[in-house]
Amino acid sequence: MKIASWNVNSVKVRMPHLLDWLKSAQPDVLCLQEIKCLADDFPRLEVRTLGYHVECIGQRAYNGVALVSKEPARDIVTGLPGFKDDQARYIEASFTGAAGEEVRVGSLYLPNGNPIGTGKFSYKLAWMDGLHGHAQDLLRREIPFVMAGDYNICPTDDDVFDPVAMSDDALCQPESRARFRALTYLGLTDAYRVYHRDAHKYTFWDYQAGRWNRDEGLRIDHLLLSPQAADRIAACDIDKSPRGKDRASDHTPIWCELAV
DNA sequence: ATGACAGTCTGCGACTGA
């Protein structure tokens with residue numbers, strides 16, 4: 001089962017790239033973030049033409065997350081359980097692997113948190129605490145699950161093109177990183193690091209200052225795997241090709257393959 | 001250097017993002 005995550009920065013604008021990527025990459029489940037529209041305005045028909053189902057939670061102009069899947073989603077949950085949130089940042093559902101095994105997949109868009117020292121940063125930390133609590137609940141079920149999305153966290157300085165320039169950024173704060181590590185201490189695995197140990201591998205490049213052309217980016221989109229999912233991981237990589245297109249999102253997809 | 005991005009709607013400027 002191929003599971004991917006991509007912050008598309010407006011699903012309407014990115015529709016051609018989204019359709020191209022679904023056709024070429026053939027993910028079983030694609031988690032989208034920043035669809036930036038109401039759920040009713042998601043361009044479902046085009047995606048349906050390729051055989052994919054859509055479940056999403058949206059809002060006007062900002063945020064919004066979706067699950068795009070070959071198989072219909074089951075037991076859908078919208079909003080991070082146990083966390084009162086007026087922003088559309090979480091959706092989760094179950095899918096069935098080839099061997100008939102249930103896999104739970106969450107698509108999350110963690111708050112950016114800038115600038116630090118404001119309510120935006122405390123909201124980010126509270127959201128991460130909520131995610132930690134929900135991960136604990138899912139772990140008790142002992143089923144394979146993947147928490148996929150834009151975490152807005154660079155786990156270490158290796159994940160940042162210029163750690164000094166980013167030292168005051170919410171994406172690199174010790175409090176943000178500690179909470180990301182706490183998820184791994186629960187037993188979750190950063191799928192990318194199972195296969196890739198090298199520094200300076202990115203999933204995001206700012207539109208400004210020629211960051212893409214200079215390969216100056218951030219690794220902020222992550223696939224966190226439960227122990228039962230990590231036991232079945234067969235591959236994981238970042239697909240940089242969509243970022244090089246005209247009118248690209250500032251993020252590019254990350255995907256993993258689970259042998260289920 | 002009056003610059004150098006890209007989405008959204010309160011829309012032709014402000015807000016948000018990372």
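Reader: Why is arginine 179 called buried?

Author: This is a predicted model, in which local features need pLDDT of at least 70, side-chain atom pairs count only at pLDDT 80 or more, and totals for chains, interfaces and linings use all residues. Residues are numbered from 1 along each chain as its sequence is written, while chains are lettered from A and ligands numbered from 1 in the order in which they are written. Arginine 179 has 20 other C-beta atoms within 10 Å. A residue is buried if 20 or more other C-beta atoms lie within 10 Å of its own, exposed if 12 or fewer, and partly exposed in between, with C-beta atoms placed from the backbone. So arginine 179 is buried.

Reader: Where does arginine 179 sit?

Author: Arginine 179 belongs to helix 4, residues 174-185. Helices are DSSP runs of H or I with at least four residues, strands are runs of E with at least two, and both are numbered from the N terminus.

Reader: Which residues is arginine 179 in contact with, leaving aside neighbours within four places in sequence?

Author: They are Leu125, Met128 and His132. Contact here requires C-beta atoms, placed from the backbone, within 7 Å.

Reader: What makes helix 3 roughly parallel to helix 4?

Author: The axes of helix 3 (residues 119-140) and helix 4 cross at roughly 5 degrees and come within 10 Å. Angles under 35 degrees count as roughly parallel, over 145 as roughly antiparallel, 65 to 115 as roughly perpendicular and the rest as oblique. Therefore helix 3 is roughly parallel to helix 4. The axes are lines fitted to C-alpha atoms, for helices over the stretch in contact, and angles run from 0 to 180 degrees between N-to-C directions.

Reader: Which residues make the contact of helix 3 with helix 4?

Author: Helix 3 gives Lys124, Leu125, Met128, His132 and Ala135. Helix 4 gives Glu175, Ser176, Arg179, Ala182 and Leu183. These divide into five nonpolar, two polar and three charged. Ala, Val, Leu, Ile, Met, Phe, Trp, Tyr, Cys and Pro count as nonpolar, Asp, Glu, Lys and Arg as charged, and the others, Gly among them, as polar.

Reader: Why does alanine 61 count as exposed?

Author: Alanine 61 has 10 C-beta neighbours inside 10 Å, so it counts as exposed. Alanine 61 lies in the loop between strand 3 (53-57) and strand 4 (65-69). Its phi is near 75 degrees, a positive value in a residue other than glycine. Alanine 61 is also among the closest of the 22 residues that surround DNA strand B. Near means a C-beta atom, placed from the backbone, within 6 Å.

Reader: What of aspartate 75: buried or exposed?

Author: Aspartate 75 counts as exposed, because 10 C-beta neighbours lie inside 10 Å. Aspartate 75 is in strand 5. Its phi is about 50 degrees, positive although the residue is not a glycine.

Reader: What makes strand 5 an edge strand?

Author: Strand 5 (74-78) pairs on one side only, as does strand 9 (189-190). Two strands pair if DSSP finds at least two bridges between them. The open sheet has six strands in the order 5-6-7-8-10-9, with mixed pairing.

Reader: How many bridges join strand 7 to strand 8?

Author: Six bridges join strand 7 (residues 102-109) to strand 8 (residues 145-150), and the two run parallel. Valine 105 has valine 146 as its bridge partner in strand 8.

Reader: In what sense do strand 3 and strand 4 pair?

Author: They pair in the antiparallel sense over five bridges. Isoleucine 57 has valine 65 of strand 4 as its bridge partner.

Notes. Contact = placed C-beta atoms within 7 Å.
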